Amino acid sequence: MSTPHHEREPMLRIEDLTVSYHRVPAIHHLSLSLGFGHCVGLFGPNGAGKSTLLKSVAGLLNPETGRILIEGIAIDQAASLIAYLPQRESVDWDFPVTVRGLVEMGRYHQVGLVGSFSQRDQTAVEEALELFNLTPLARRQIKELSGGQQQRAFLARAWAQEADLYLLDEPFGGLDRTSAAALASALGTLRERGKLLLVSHHALAEAESLFDTAILLNGELVACGPTSEALSPQNLECAYGTAIYSGAHYHS
Amino acid sequence: MNWLFHFLSLLVEPFSYSFMQRALLSCALIGFTNGFLGTFIILRRQALLADALSHSLLPGLALAAMIVGLSPGGLLLGGLIAALFVALGAQVMARNSRLKEETAVASLYIIAFALGIVLIRFAKVKVDLTHFLFGNILGVGNGDLWIAYGAAFLTLATLVLFQRPLLLTLFDVTVAQASGVRVRWVETGLLALTVLGLVASLQAVGVLLSLGLLIIPAATSYLLTDSFNRMLWGGAFLGMICAVGGLVISFFANIPSGPCIVMLMALFLGAAYLFSPRYGVLFKLIRGRHYHEESLERWEGHQGHDHQVPGKESKP
């Protein structure tokens with residue numbers, strides 16, 4: 001944290017990252033850099049390491065080799081800059097918390113253990129609710145929202161946290177068309193505000209309309225760049241046409 | 001007004017005995033603390049783990065009784081060690097074999113319970129098993145009171161101080177971990193406080209019923225509110241009211257205090273289950289399932305204000 005603010009490079013840098021489960025690597029020697037202000041789609045077949053990459057950047061897994069830096073700071077020193085959005089299934093929607101309470105959780109890091117919410121914290125919460133059109137719903141329990149509103153509530157929590165990097169694991173899964181459009185526009189807003197979004201996604205069809213940048217994985221990095229270039233037919237053939245080693249197997 | 005005076009003096013009368021004063025104080029402290037702790041256990045979905053831990057206290061109590069006799073401090077320590085042994089042992093078993101954690105917990109706690117019953121036979125002093133199993137609130141001594149004070153202070157202070165990291169962890173472990181919360185510490189701490197809560201309520205309600213004080217008041221309050229804070233303090237006050245109320249009723253009705261306390265809590269839980277304005281079964285039946293306004297708005301947004309089914313218009 002010693003780097004002065006103006007010297008921080010506004011980017012996510014992954015250097016030579018290898019992550020393994022039970023000694024079977026899920027990501028091999030991956031290196032890439034992403035500048036802020038982009039909405040990045042993460043593509044690849046099942047088992048390509050999309051979730052593993054997101055979890056590694058979130059600091060949930062211990063890499064075997066390499067390191068991950070955000071704004072030049074190692075991620076384990078920069079937890080508050082990174083927001084990992086839960087998958088829908090992992091959330092207890094009956095939890096006794098309102099939308100406002102959920103967004104307030106984003107401020108806990110700044111407020112500390114027992115401090116009370118300052119004017120600045122309150123403002124951050126209000127701003128987050130406003131930005132994602134949740135102000136009229138602020139008093140609702142989180143189960144009383146539509147799927148798209150629930151996603152926006154979690155984005156608002158990340159906004160209140162003042163995160164710069166948003167990690168979303170298949171956020172479009174299970175959303176109807178209207179909710180998906182609302183989520184896409186919310187992601188667009190975040191990109192315009194200079195945030196970096198890393199979003200795993202399985203459908204290639206609407207890739208170009210949702211993401212300005214794409215990462216294609218199949219255990220290794222196949223391509224990373226502007227969506228249309230990264231998802232070129234040759235790259236897709238390379239990513240989806242090659243069998244992925246996923247676990248112990250025997251050769252006859 | 002005369003009858004009211006008589007009624008009140010009748011109600012106050014038992015508390016002129018010092019054993020009854022100690023019992024009352026102990027019930028109030030334990031009821032409040034365990035009701036407070038219950039919110040965390042319920043939201044962490046560990047009610048059944050707590051049940052297993054309550055049973056696994058027994059061999060620790062028996063060992064303590066064998067070695068140091070019936071001193072409250074020894075029993076506390078014995079119970080703590082036995083329960084932590086089961087909790088951590090189950091984790092080790094689950095990690096090193098294909099047994100899942102709930103299978104390991106269930107096996108270990110029932111083994112511990114059986115071991116406890118065997119060991120009690122060898123205790124130096126004569127131990128009444130039913131006191132361990134169902135409590136003996138009128139036997140609360142000064143030592144037990146000190147443990148209740150200590151447990152209440154430690155539990156409430158820890159939970160209030162670490163409420164925010166706890167809340168993040170309860171809500172979503174993965175996200176909490178990603179945001180820098182040391183979730184292993186939080187989980188282990190919560191487990192330790194659960195065991196402390198169980199041991200502290202032994203004298204009042206016993207091994208078998210101690211779970212009630214931990215779970216039922218918080219479960220009742222969970223059915224009544226969407227606010228974490230209200231659930232927390234509601235559970236605590238309800239726990240205190242039921243523990244004290246149950247004690248008073250048990251004195252007059254001449255029935256054991258533990259079951260009396262649990263039955264009183266059951267009354268509240270049943271009432272909340274049926275009549276809670278938001279989540280009660282009866283009100284759910286009466287009230288529609290939909291957010292009608294919103295659904296209507298959405299429909300109108302797509303279709304304009306025409307509510308007629310298209311096919312009907314063509315009919316004369």
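## Chains A and B: how they meet

A salt bridge joins the side chains of A:Glu144 and B:Arg278, at 2.3 Å from N to O; the term covers a side-chain nitrogen of Lys or Arg within 4 Å of a carboxyl oxygen of Asp or Glu. This is a predicted model, where local features need pLDDT of at least 70 and side-chain atom pairs count only at pLDDT 80 or more, while totals for chains, interfaces and linings use all residues. Side-chain values use heavy atoms, leaving out hydrogens and water, residues are numbered from 1 along each chain as its sequence is written, and chains are lettered from A and ligands numbered from 1 in the order in which they are written.

**The interface**

- The count of salt bridges between chain B and chain A is 2.
- On the chain B side, helices H7 (142-161), H8 (163-171), H9 (173-178), H12 and H15 (292-303) each supply at least two of the residues that touch chain A (helices are DSSP runs of H or I, at least four residues, and strands are runs of E, at least two, numbered from the N terminus).
- H8(B) gives the largest share of that side, 6 residues.
- By type, the chain B side splits into 16 nonpolar, 6 polar and 7 charged residues (Ala, Val, Leu, Ile, Met, Phe, Trp, Tyr, Cys and Pro are nonpolar; Asp, Glu, Lys and Arg are charged; the others, Gly among them, are polar).
- In all, 29 residues of chain B are in contact with 31 of chain A, contact being heavy atoms within 4.5 Å.

- A:Glu162 isn't a glycine, yet its phi is positive, near 60 degrees.
- You'll find A:Glu162 in the loop between helix H5 (147-160) and strand E7 (165-169) of chain A.
- A:Glu162 is partly exposed, with a relative accessible area of 34% (buried is under 20%, exposed over 50%, partly exposed in between, with a 1.4 Å probe and protein chains only).
- B:Asn254 also has a positive phi, about 55 degrees, and sits in the loop between helix H12 (228-253) and helix H13 (257-275) of chain B.
- B:Asn254 is exposed, at 68% relative accessible area.

**Confidence**

- Chain A averages a pLDDT of 88, with 92% of the residues scoring at least 70 (pLDDT is the predictor's confidence in each residue, from 0 to 100).
- Over residues 1-6 of chain A, pLDDT stays under 50.
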